[in-house]
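Visitor: I would like to learn how to read the features of a protein model. Please take me through one.

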Amino acid sequence: MKKAVTKTMISRKLLWNQGKKKLRFTIRVPAWRRKLIKKGGRMKFSEIPYERIDFQKLKQDFYSLMERMERAVSGEEQFEIHREYYRLSNHVLTEMNLAMIRNDIDMTDEYYSEEQKHYDRNMPIFQNLVVEYQKKLYFSRFRPYLEERIGRVAFKNISLAMEAMDEKLIPLMQEENALSTAYNKLLATAKIDWEGEKLNLSLMQPYLTSPDRSVRERAWKKYTAFFSEHREELDDFYEKLVQNRTKQGRMMGHENFLPLGYARMNRNCYGPSEIRSFRKQVEQEIVPLAELLHERRRERLGLSRLNYIDEGIYFPNGNPRPVGTAEEILAAGKRMYDELSPETARFMNTMCEMELFDVLGRKNKRTGGYMTMLADYRVPFIFANFNGSSGDADVITHECGHAFQGYLTADLPIREHNDLTMETAETHSMSMEFFTEPWMPLLFGERAGDYLRMHLEETLSFLPYGVMVDEFQNIVYEDPGLSPKERRRVWRDLERRYKPHLDYSGNPYFEEGGFWQKQHHIYDSPFYYIDYCIAGTDALQYKNWMDRDWKSAWESYLKLCRAGASDFFDVLIRDAGLRNPFEEGCLRDIARGIREREAL
Ligand code: ZN
């Protein structure tokens, strides 16, 4: 679910010929494109050349852009320089993403592991250069013209970026990157001894949700043992991350990390108070409903009590799984998007032709899944670990939702209109999960109905969990002096409020409040979690809408996707005909709709 927001390469360099007052285009044909033209088709992902970014040279290029920006005599001239900035920064992000993807595909590949380290070390330099450059834009004497061309959101984002970044933070940011990389590496290299095989955490998933309760019990025991054995290391990584981020916050003049964390999440149209009241709405409106759904699930499972090992299981005969091999699942996905709309059909065609999926679970592959953009090629890439669970279908629905939106707007001439904030990005993907529901028989056969039930229950019961992850981080960063033990207590107390049915009997590690240590976002991406809850609220609104009128809901969705980040989140969703999730009563109405439909 990680999403990098990067895009669009302009291969034509626009030159403003002042003397003659006319535009002249020079066509630069990069090597990859020449190869592509010669082949008469689209390049495959494996054929995409990679070159390490030379950050010293990049610095010079940026300085020269900045100098020209200052010398420019009109807004038009500055805008043309700005287009060169698009080209330069897209290239850096493309090469960084190539290195990241290839490293994630095989974490033992030494070449790309070194490349990944190269970006861990140097990306803060790049980020700082971007901020320095953006200052020139922000303080330009032609600002009104630029704001007209580029949009007001971009300028608000620049002011947040200036709050979020400073050269003096670089050493700490480098350390922060290295710490999250080390955390991920620890999790990725987990080898769980399972019936003679060594499995990583992703590959354990089917056993954690096995219909056979005794298998689930054994699987959770082994799974938790890994975390429990590494508890000190995991505590230590987090302690260092919290102290590191707190120091960064203080260097920027704040009492703690929170304001910096919010600025880094680019919260450009809402803040802590809106989020606090949203969390309250979830606690009041959704927690009771989710508890009813858990109770119904318990009855369905024929259990006298739900234990934590039953948390991810929805039917006594097991959760519905996609039918067929990974290749067949992909083929089903292709047919689904072919039928869904002409736009999705074109998108899927490109993804398949260029082999922009790496979705098979393998040893040595990073866990998790994400979609990212290869801006120079104007295409998305989807990374996942298929493991035979319904998560495989989520890749076809959720990650493809991100990718579809990225594909739709990859050619937008204003790059900033692709700088999505996360709640907007997750709205695209989580809503796609619902829009694709009519095609679930293709993926789940006769258990499609079960899948839809599970999907709705999962989406709803996710809201309290997501809000809890957010509140946990707020508490942790507000009080960085908490000890690891106190943090665990905070987590466990939150669980009692937001997921009162939870029963950790037989698992001291979770009972003591250790569950959060497996949540990547808490380590990697502070405060990136409430976004899923806001987006889930939008997606549930679409769910209610499409039950009334699928076609008009889809048209609204297309409009929202095409708008990208051309305006602020509240405006975008209002224009699409949705309610603002922060608005009092929004969650009450969603809950009411679901209670009516589900007869709860
Ligand atoms: Zn996502």
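**Aromatic pairs, a core and a helix**

Guide: W554 and Y557 sit 3 residues apart, about one turn of the helix, and both belong to helix α23 (residues 550–563). Helices (H or I, at least four residues) and strands (E, at least two) are DSSP runs, numbered from the N terminus. This is a predicted model, where local features need pLDDT of at least 70 and side-chain atom pairs count only at pLDDT 80 or more, while totals for chains, interfaces and linings use all residues. Residues are numbered from 1 along each chain as its sequence is written, and side-chain values use heavy atoms, with hydrogens and water left out.

Visitor: How many aromatic pairs does the count come to?

Guide: Rings of Phe, Tyr and Trp (its six-membered ring) pair if their centres lie within 6.5 Å; planes under 30 degrees apart count as stacked, over 60 as edge-to-face and the rest as tilted. By this rule the count is 59 aromatic pairs. One of them joins Y504 and F510: the ring centres are 5.4 Å apart and the planes are at 50 degrees, so this pair is tilted. W554 and Y557 also form a tilted pair, with 5.2 Å centre to centre and 35 degrees between the planes.

Visitor: Is W554 buried or exposed?

Guide: Buried means under 20% relative accessible area, exposed over 50%, and partly exposed in between (1.4 Å probe, protein chains only). W554 has 6%, so W554 is buried. Y557, at 0%, is buried. Y504 is buried at 3%, and F510 is buried at 1%.

Visitor: Which residues touch the most other members of the largest nonpolar core?

Guide: A nonpolar core is a set of buried Ala, Val, Leu, Ile, Met, Phe, Trp, Tyr and Cys residues joined through side-chain atoms within 4.5 Å. The largest one here has 187 residues, and F62, L374 and Y542 touch the most other members. Helix α18 (residues 448–478) gives the most to this core, with 14 residues.

Visitor: Why do the buried residues of α9 line one face of the helix?

Guide: An α-helix has 3.6 residues a turn, so residues three or four places apart point the same way. The buried residues of α9 are V215, R216, A219, W220, Y223, T224, F226 and F227. Seen down the axis of α9, they fall within an arc of 150 degrees (taken from the directions from the helix axis to the C-beta atoms), so they line one face. The face turned away from the buried side of α9 carries the exposed residues K221 and E229.
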